[in-house]
Amino acid sequence: MNSFEQINIGDTLGPLELFVSKDQCRAYARTMGMGEGAGRFTDDEAARKEGLPGMIIPGNMSLGLVSKLVTDWIGSSNAWLTRMSTTYRVPVQPDRTVTIHGFITNKNPEDRTAEIDVWMENEESERLVTGTATVEFRK
């Protein structure tokens, strides 16, 4: 990543392509203690009984994946992710490739922060998760 002085409104982050398997989704649900009580994250049949098209990725897992785009961009610089907000528009299904994008929408020299719009889309370019990240840069 560049320094605060080198970034500009409109600069892009990514895209970051990720394939999330059903096994990864189950492992996440199990690790987070969701396994037995939330079949929608571990079993296609249980998810269909809830009216879903099949297993879905937990929202916090999607948040983590979207955050990865920003933290990868930050890398080893002296900046950090101070805030991330997301909106879940469409259930994210495992065993599919998702692509995560971002671009800088605002740069505030007073507090040395940048606002970044981020979103996750599926193979049909449908936006599944959208959000905003704030990154603060140290001097």
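How many of the 139 residues of the protein chain count as buried? The share is 42%, where buried means under 20% relative accessible area, exposed over 50% and partly exposed in between (1.4 Å probe, protein chains only).

This is a predicted model, in which local features need pLDDT of at least 70, side-chain atom pairs count only at pLDDT 80 or more, and totals for chains, interfaces and linings use all residues. Residues are numbered from 1 along each chain as its sequence is written, and side-chain values use heavy atoms, with hydrogens and water left out.

**View 1. Overall fold of the protein chain.** The protein chain has three helices and five strands. Their order from the N terminus is β-α-α-α-β-β-β-β. Helices (H or I, at least four residues) and strands (E, at least two) are DSSP runs, numbered from the N terminus. The C-alpha atoms fill a box of roughly 50 × 30 × 20 Å along the principal axes.

**View 2. The D23–R26 salt bridge.** A salt bridge is a side-chain nitrogen of Lys or Arg within 4 Å of a carboxyl oxygen of Asp or Glu. By this rule there are six salt bridges. In the one between D23 and R26, the closest N and O atoms are 3.2 Å apart. Both residues sit in helix α1 (residues 22-31); they are three residues apart, so about one helical turn separates them. D23 is exposed, at 56% relative accessibility. R26 is partly exposed, at 27%.

**View 3. The R40–E50 salt bridge.** Here the closest N and O atoms of R40 and E50 are 2.5 Å apart. R40 lies in the loop between α1 and α2 (44-49), and E50 in the loop between α2 and α3 (59-74). The two are 10 residues apart, and the pair links distant parts of the chain. R40 is partly exposed, with 33% relative accessibility. E50 is also partly exposed, with 42%.

**View 4. The R83–E115 salt bridge.** The closest N and O atoms of R83 and E115 are 3.6 Å apart. R83 belongs to strand β2 (residues 79-88) and E115 to strand β4, so the pair ties together parts 32 residues apart in sequence. R83 is partly exposed, with a relative accessible area of 40%.

**View 5. Surroundings of R138.** R138 is in the segment after β5. Leaving aside neighbours within four places in sequence, R138 is in contact (heavy atoms within 4.5 Å) with N78, W80 and R112. The C-alpha atoms of R138 and P53 are separated by 45 Å. Along the chain, R138 and P53 are 85 residues apart.
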